[in-house]
Amino acid sequence: MLEQLVAIPSHQRESEVQRLVARLLERSGFRVRLQEVDPRRPNLVASRGRGGPVFCTHVDTVAPFRHPRPFTLRRARGRLIGRGAVDAKGQLAAAIVAA
């Protein structure tokens, strides 16, 4: 899942990440809706059952600058490397799996 999230250049196409997350959450039984705040930057609201928020984060990243292969998740010395793997696509993937 993290590989899919990192592969999307969300500094340009944040809505594509939100649509992927919506599909993943729907498969897990969540009711999902996208709020069009900005055509390229929708909010995603998902709920399942009763209770408060499960998680809240952002999905955009900064531009890759001269980062080599920024949208390919790879492992090096026990670390995952790729644009957004630490902030915040990694946390998002962990929360989706936990939900």
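This is a predicted model: local features need pLDDT of at least 70, side-chain atom pairs count only at pLDDT 80 or more; totals for chains, interfaces and linings use all residues.
Local features need pLDDT of at least 70, side-chain atom pairs count only at pLDDT 80 or more, and totals for chains, interfaces and linings use all residues. Residues are numbered from 1 along each chain as its sequence is written, and side-chain values use heavy atoms, without hydrogens and water.

**View 1. The largest pocket.** Its volume is about 540 Å³. A pocket is an open set of points on a 1 Å grid over the protein atoms alone, where a 1.4 Å probe fits, with protein on both sides within 12 Å along at least five of seven lines. The volume is the space filled by probe spheres set on the points. Lining residues have an atom within 4 Å of a point. There are 26 of them, and Leu44, Val45, Ala46, Phe55 and Cys56 are the closest to the centre. Strand S2 (43-47) and helix H2 (14-27) each supply at least two lining residues. S2 gives the largest share, five residues. Helices (H or I, at least four residues) and strands (E, at least two) are DSSP runs, numbered from the N terminus.

**View 2. Gly29 in a loop.** This residue sits between H2 and strand S1 (31-35). Gly29 counts as partly exposed because its relative accessibility is 46%; buried means under 20%, exposed over 50%, and partly exposed in between (1.4 Å probe, protein chains only). Gln18 is eleven residues away along the chain, with 16 Å between the C-alpha atoms of Gln18 and Gly29.

**View 3. Pro70 in a loop.** The loop runs between S2 and strand S3 (74-76). Pro70 is buried, at 12% relative accessible area. Not counting residues up to four places away in sequence, Pro70 touches Val6, Pro64, Gly82 and Arg83 (contact: heavy atoms within 4.5 Å).
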